[in-house]
Amino acid sequence: MGEAAARGRKSIGAKRNPESADAIVKAAEAVLREAGYAGFSIEAVARRARAGKPTIYRWWPSKAALLIEVYQRQKRVETPDTGNIEDDLAGFLENLFAHWRDTPSGNIFRSLIAEAQSDETAAAALADYSKGRRGHTGRMIERAKARGEVAADVDAGIVADLIASFAWRHLLTGRLDEDDAVIRAAVRYITRGILTT
């Protein structure tokens, strides 16, 4: 980004300036591409975006929060609605594994999980993100309940956690090229406990 463009962005205080925020996220993506997670820092992003560190920290309270936004912007995972819970969950996992495998997002998310083990701020940011994702995955279960396919007393959040556990284990152990048959078998084992018949 040229200096003229940088000078053209005006601060609007604590409220995010969309143009500046976009420049910061793009700078964060570029730093990740060039330096990897180990070389990623708010200082490097600030230099790249020609933004002040206080501005970045005002809008993203931690490195992890900024990385989660980068991850969310890159994430393009469809949640199928086929009318069948096994097909929905298997399709979701297949899409997620392909996305993690074929884009930088898998490395970003794996690094966030690793950092969350020793950094409370990262752990809080990841927990907040995961809560939203849990609800998103849980909606597939709620749709199946509405169809009468899943028992009414099933806790959609617990099922979402089981699906996430399967996905995260594969991400963390570098097994994202899992055969679709294995994914479908795992989903079948989970859904056997929640189906009405």
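This is a predicted model: local features need pLDDT of at least 70, side-chain atom pairs count only at pLDDT 80 or more; totals for chains, interfaces and linings use all residues.

Biologist: How do I describe a pair of aromatic rings?

Modeller: You give the distance of the centres and the angle of the planes. Rings pair if their centres lie within 6.5 Å, and planes over 60 degrees apart count as edge-to-face. By this rule the count here is eight aromatic pairs. Take tyrosine 71 and tyrosine 129: their ring centres are 5.8 Å apart and the planes sit at 80°, so the pair is edge-to-face.

Biologist: Where in the chain do these two tyrosines lie?

Modeller: Tyrosine 71 is in helix H5 (residues 63–74) and tyrosine 129 in helix H8 (residues 120–146), so to speak distant parts of the chain, 58 residues apart.

Biologist: Which aromatic pair does phenylalanine 109 form with tyrosine 129?

Modeller: An edge-to-face one, with 5.8 Å centre to centre and 65° between the planes. This pair also links distant parts of the chain: phenylalanine 109 belongs to helix H7 (residues 105–116), 20 residues from tyrosine 129 in helix H8. Phenylalanine 109 is buried too, at 2% relative accessibility.

Biologist: Which residues form the aromatic cluster?

Modeller: Tyr71, Phe97, Trp100, Phe109, Tyr129, Phe166 and Trp168 make up one cluster.

Definitions and conventions: Residues are numbered from 1 along each chain as its sequence is written. Side-chain values use heavy atoms; hydrogens and water are left out. Rings of Phe, Tyr and Trp (its six-membered ring) pair if their centres lie within 6.5 Å; planes under 30 degrees apart count as stacked, over 60 as edge-to-face and the rest as tilted. Helices (H or I, at least four residues) and strands (E, at least two) are DSSP runs, numbered from the N terminus. Buried means under 20% relative accessible area, exposed over 50%, partly exposed in between (1.4 Å probe, protein chains only).
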